[in-house]
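Let's take a friendly tour of a protein model. Keep the picture open as you read, and find each part as it comes up.

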Amino acid sequence: MENFNYYRPASVDDAVKAAKAKPDAKYMSGGMTLIPTMKQGLASPSDIIDLGALKNSGIAVGATVVIKAGTTHAEVASSADVKKAIPALAALAGGIGDPHVRHKGTIGGSVANNDPAADYPSACLGLGATIHTNARKIKAEDFFTGMFSTALEDGEVITAIEFPIPKKAGYAKFPNPASRYAMVGVFAADTAEGPRVAVTGAGAGVFRASALESALGKGFAAGSLTGAAVPAKGLNSDLHASAEYRAHLITVMAKRAVDAAK
Amino acid sequence: MDNGTGIGARVKRKEDHRFLTGKGNYTDDINLPKQTYAYFVRSPHAHATINKIGTSKARNMPGVVGIFTGEDVAATKLGGLICGWMIHSKDGSPMKAGPHPILALGKVRYVGDHVAVVIAETREQAKAAAAAVEVDYGVLPHVVDVADAMGHKAQIHDVAPDNRVYNWSIGDEAATDAAFKRAKHITKIDLVNNRLIPNAMEPRAAIGCYDTGAEHYTLYTTSQNPHVARLVISAFHGLAPEHKLRVIAPDVGGGFGSKIFIYAEEVVCVWASRFVGGRPVKWTAERTESFLADAHGRDHVTHAEMATDADGKIIGFKVHTKAAMGAYLSTFSSCVPTYLYATLLSGQYNIPNIYAEVDALYTNTAPVDAYRGAGRPEATYVVERIVETAARELKMDPAEFRRKNFVTQFPHQTPVIMCYDAGDYAATLDKALEIADVKGFAARKAASAAKGNYRGLGYSAYIEACGIAPSAAVGSLGAGVGLWESAEVRVNPVGTVEILTGSHSHGQGHETTFAQLVSDRLGIDINNVSIVHGDTDKVQFGMGTYGSRSGAVGMTAISKALDKIEAKAKRIAAAVMESSPDDVEFKNGTFTVKGTDKKMAFGEVALSAYVAHKFNSAQVEPGLKESAFHDPSNFVFPAGVHIAEVEIDGDTGVTTVVNYTAVDDFGNVINPMIVEGQVHGGITQGIGQALAEGAVYDKESGQLLTGSYMDYQMPRAADVPSYKLGFTCTPCPSNPLGMKGCGEAGAIASPAAVMNAVTDALGVVDVPMPATPHVVWKYMQHLKKAAE
């Protein structure tokens, strides 16, 4: 790991100021991806701005579920309010990484990083969440712009994620056998505006599976997905799974997500 | 003795408290005054000439103490790495061993090959400066797959123009061909034994230091056999004579074979210390370096044919194997696919005619050498996969086909050198069938099918030869060393005991098991026994730990030394108690004189031995210390039957090992808890090979694609079931303790059991390992299309 400067600002404003002052700065909100990446020499930011001192964690459930950016996966997984309002979201958080990761990693960090195999982006897109930042509110559709890239501007920091409460929703993950990241993760939700299906791990970034959504239009049941498929073209193909296998797994995992939905 | 800590007791491991509380003393825990840090410049290419190495920029980097290249090493006349087992080809020619300099000279031959070393004040400085070393490479064609290596245009060593190290054979080809001519049925199979990366928990590490005053070297290193390391570094590298070189292998966190070998990095550290003013030079492998540069295991491509007669008896077996050696011949690499492999091709069966031919081939990959089981897992895989396949083709029950062909008379001389001394294979099979509830399998399979899943059952009736090994026998087969073991028993004046052993514990629990033997024999508290190992200044000589040898060979040496202790203690006790040594008896820690009430406790005799007031020192020497060397008269032959039951998810191809039964015959067992732990670990490693692990080099680029845990799948606790174990016992006749060996059995047996179950589930002849979900899904697709 290369040397870097370390800041631990106490307010969002200070954090943004610090980030804007250093062109090669990185926010850290848990560091569960950033630190391993730095250790491997894949990232060597000049400055680390640790958002841990913002104490920006907590969950508020009303008409929507609002989770502050600094909330750990373990807090989301164990929240009675989340379990009641969107059980699939709590279950998803409980399946991220391992206990160490779940107690250090945060929802804001995960969403900002937009790892193409991360779990949370599929919940954001699958539920039609809104990403709150220090400057604005961004719809999930507009937020995730590609592999590790988002609509966040330089220095812009996520403050909270707001999830509409669906009629029911489920998440099913097929983990990469080695890394245990999602090789295919499908979040399926029956929402006020109709069925939504978001897929992570299978492509260059999280995406909605329109073929599966329209199939579920016949009824939000696994049986509706029989014969429905996402085309293999454009999906990831690597050592662990061909694009064809991923396409197959998307339908299988979508069925399991719908079966598990509550 | 019946104190709960003797032979057969489930004594908790004495060493675990320090390991589990973080108080172990591993090489990387050791820091010496004025220590420097080494970082290696490694080849990014699979095969290239080195045109020029530019070090001037790096030398000016902060903290740099020294930079050395292959030319610097050559200038000091330090010899290259060796392969210690000479194999001759069928035509009588010696194996073609290319040079293996400790830092590359003129050429690199795999990604990760050691090119230069940078030594600096800190590890970070060394790493930064290493990145500034400029190497001008001329990229050459490469070959990474053993199947393609023979005669490939990528010529890796000048001495082997076709990349072939040797073409070796064993058995009677003509007799085997004749058996095939009269066969009723011939079963054929093509198998790949996938390349594995060892992944010891502790990466390799070394600290080399040169005492400029005493002109003496010390090397702390992660070794399974520090004495062999000293011997090789002294006699073959020529660094220093043995009395001027001390090798210390402190706590070592796992090896699985990978820490047997003498590697470049460790030799470089101890060599380079002299050239940085005697400052200690430390190196600890990063995990990526472990992936790239630890010796890998397995990597065989095999075609096998088995001939059976009308009665279902096996009458002939023919095997041809291509075995990858990697880019260089590692320390014991040459014996793995020959004498550790083909000599086990008879399995548990009475096969009158066997012929095997092995082509060992260079590839542009990390060297391949012994890895848990070393040759025997590969042999078991071939034997047990083809036996299962033959049974299926003959429409015979696979268990009964095995039983029909089992060796039942002992000793049994196989056609491939080994002479099995004892066993009862039918008894282990019967017990395994019962524990695994094979009778209930059909119902379980139907229940799986009802859910759309595939369930399969697979057997593996393995045998292995361990307790390595009779010195004269291995010498006649080309080994450069003898494989005896030594022990020294030092009884202190207060009756506590230190056992010095030439074996080495790196997870096996010797500190407990060996102490149990001593506690049992001398009738003393197990806490009064210390096991000393891993330091050439303390233990005079030894051959280390591998090949499940430390019980059968190492403990037998201890037992022989204890015999001498007992004999001498009796003479001292007799003198003190004024009687004849012949009348002194020793039992439960007490010396008594027959027909009298005279007695002395062991501790009293020990004290008398050192006080030496009460006996004639001209007749009995003072002191109580004895040593012994034990050279085994035969290998030992653990054997057993393992049964795997798998369920394959019909939607995803995920294979779950739902039941796993292992019944093993290890002869007499010292500590059943430790033995069960060894079996659990071995089976898990084998399940890893079958379903998860596989090193993949990219054909096009020669890069290791599985260079981290992101892509190399290790088995996890959640991936394996709770194992059902059983034991049978035929004591080993060739050692006084009747012990066989248990360290490798699980890893030897389980890949075949699991893959027989997977192929049974899918109704196919073969699925390549590792049978990952993607692979299995592909085989399911094939079946589904065929069914349509």
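Predicted model: local features only at pLDDT ≥ 70, side-chain atom pairs only at ≥ 80, totals over all residues.

Residues are numbered from 1 along each chain as its sequence is written, chains are lettered from A and ligands numbered from 1 in the order in which they are written, and side-chain values use heavy atoms, leaving out hydrogens and water.

**The sheet in chain A**

- Strands of a sheet pair through backbone hydrogen bonds, either parallel or antiparallel.
- In chain A, three strands make an open sheet in the order 1-3-2, with parallel pairing.
- Strand 1 (5-7) and strand 2 (25-28) of chain A each have a single partner strand, so one side of each has no neighbour in the sheet.
- Two strands pair if DSSP finds at least two bridges between them; strand 1 of chain A is joined to strand 3 (residues 47-50) of chain A by three.
- One of the partners to look for in strand 3 of chain A is D47(A), which is bridged to N5(A).
- Helices (H or I, at least four residues) and strands (E, at least two) are DSSP runs, numbered from the N terminus.

**Where chain A meets chain B**

- Contact means heavy atoms within 4.5 Å, and 18 residues of chain A are in contact with 17 residues of chain B.
- Across this interface of chain A and chain B there are three salt bridges, each a side-chain nitrogen of Lys or Arg within 4 Å of a carboxyl oxygen of Asp or Glu.
- A salt bridge links the side chains of R256(A) and D651(B), at 3.5 Å from N to O.
- Helix 11 (residues 243-260) of chain A gives the most to the side of chain A that touches chain B, with seven residues.

**The sheet in chain B**

- Four strands of chain B form an open sheet in the order 18-26-27-28, and the pairing is mixed.
- Strand 18 (454-463) and strand 28 (724-728) of chain B stand at the edges with a single partner strand each, so one side of each is left without a neighbour in the sheet.
- Five bridges pair strand 27 (residues 655-665) of chain B with strand 28 of chain B in the parallel sense.
- In strand 28 of chain B, T728(B) stands opposite D665(B).
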